Amino acid sequence: MSLTIYGQQLTSRLLIGSALYPSPQVMKQAILASGSQVVTLSLKRQNPTEQSGQQIWQYLQEIVSQNNGHLLPNTAGCKTAKEAVTLAKMSREIFQTDWLKLEVIGDDYNLQPDPIELLSATEQLLNDGFKVLPYCTDDLVLCQRLYDLGCEVIMPWASPIGTGKGLMNPYNLETIRLRLPQATLIVDAGIGKPSDACLAMEMGYDGVLLNSAVALADNPVLMAKAFAQALQAGEQGYVAGVMQQRQTAHPSTPTLDTPFWHQN
Amino acid sequence: MTIHINGKAYSLGEAEYISVNNALILHFTEPQKTTFAVALNGDFVGKADYDSTVVKSGDSLDVLQPIQGG
């Protein structure tokens, strides 16, 4: 079963970040171990005398070429629609992709997206031919507005970036899934454990985007594999159909012909 | 005139303007060997326009390069 992003079919439902790993080598091993075909990256000012950025860029190119993958540039650090639109255009020129993880941050404390600026940037970028994957809060109406603007993919948060707190508000995420059945929904940010990702998939989400949960694990490569399996388990659980919860206990073992001492 | 590239000031004497291409040589020794994109005063400048786009005194260039991201 595959994930479709703006018409592009992918074998893995995991999207993975390239930051915070202990070393570029571990980054490469972990991303490849995850099976993810979508790798996020960014643009920043860099000291022109240092070559580290160029080396990372070469590593990322090798990774996406090895796993037949795609780069997903983000607009991390942008606080206004204008900043995000400029950074998006710079990313498109460098990375030769119109895919964009759109981030417009409204608060420095919890890195919560600014919904007003996000909608404005989304509209401008869709009109300019970008395939926008907006990172947003788990607000149903905001997600509806993004979908109405033409976003085929919407990425509500599980919890603030880098917290690892997991799905803070499962009800909100379930409601978004219920109300936007046609949208490709990806939980982005705040995932801490493989079980968090599994839960999102059990809700019927189409994918999960994460970074810190793998990069900051004691063993990022092993954790990448764990997440790949968690997503598969969650997806299969959703497709298989979870049983209805019941208020009272029901014996699993047939009660007919139970031994004599239960029959009086 | 004085321009800023990634926040660093460059004084260019009596010149009234320079092209983006010439400004980039102030920043990189070998721009052609580096992967980057440019914004002038917060607006994107495409590679095709580096020669024709003028940087004046007080202008700010941002030269951004790929980096890891989440």
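**Close-up views of a predicted two-chain model**

**View 1. Surroundings of A200(A) in the nonpolar core.** Setting aside residues up to four places away in sequence, A200(A) touches A158(A), L167(A), L173(A), V187(A), Y205(A), V208(A) and G234(A). The model shown here and in the following views is predicted. The largest nonpolar core comprises 93 residues, and A200(A) is one of those with the most contacts inside it, together with L102(A), A197(A), V208(A) and F227(A).

View 2. Strand β3(A) spans residues 14–17. L14(A) and I16(A) point one way from this strand, L15(A) and G17(A) point the other way, and all are buried. In a regular strand, side chains alternate between the two faces of the sheet. Three bridges join β3(A) to strand β10(A) (residues 207–210), and the two run parallel. Within β10(A), V208(A) is the bridge partner of L14(A); V208(A) also belongs to the residues with the most contacts inside the largest nonpolar core. β3(A) is likewise joined to β4(A) by three bridges, again in parallel orientation, and I16(A) has V39(A) as its bridge partner in β4(A).

**View 3. The annotated position K101(A).** The unreviewed UniProt entry lists K101(A) under "active site". K101(A) lies in strand β6(A), which covers residues 99–102. K101(A) counts as buried because 28 other C-beta atoms lie within 10 Å, the threshold for burial being 20 or more. Apart from neighbours within four places in sequence, the residues in contact with K101(A) are T40(A), L72(A), P73(A), N74(A), L133(A) and Y135(A).

**View 4. The contact between chains A and B.** Chain B contributes 20 residues to the contact and chain A contributes 25 residues. On the chain B side, the elements giving two or more residues are β4 (37–40), β5 (43–45) and β7 (60–68). β7(B) supplies the largest share of that side, six residues.

**View 5. Strand pairing across the contact.** Strand β4(A), residues 38–45, is joined to β7(B) by five bridges, and these strands run antiparallel. L64(B) is the bridge partner of R45(A) in β7(B).

**View 6. Confidence in chain B.** Chain B has a mean pLDDT of 94, with 100% of its residues at 70 or more. Within chain B, confidence is lowest in helix α1(B) (residues 20–27), at a mean of 94, and highest in β5(B), at 98. The model as a whole scores ipTM 0.95 and pTM 0.93.

Note on methods:
Residues are numbered from 1 along each chain as its sequence is written. Chains are lettered from A and ligands numbered from 1 in the order in which they are written. This is a predicted model: local features need pLDDT of at least 70, side-chain atom pairs count only at pLDDT 80 or more; totals for chains, interfaces and linings use all residues. Two residues are in contact if their C-beta atoms, placed from the backbone, lie within 7 Å. Helices (H or I, at least four residues) and strands (E, at least two) are DSSP runs, numbered from the N terminus. Two strands pair if DSSP finds at least two bridges between them. A nonpolar core is a set of buried Ala, Val, Leu, Ile, Met, Phe, Trp, Tyr and Cys residues joined through C-beta atoms within 7 Å. A residue is buried if 20 or more other C-beta atoms lie within 10 Å of its own, exposed if 12 or fewer, and partly exposed in between; C-beta atoms are placed from the backbone. UniProt positions are given in the numbering used here, feature names are shortened, and annotations may be inferred rather than shown by experiment. pLDDT is the predictor's confidence in each residue, from 0 to 100.
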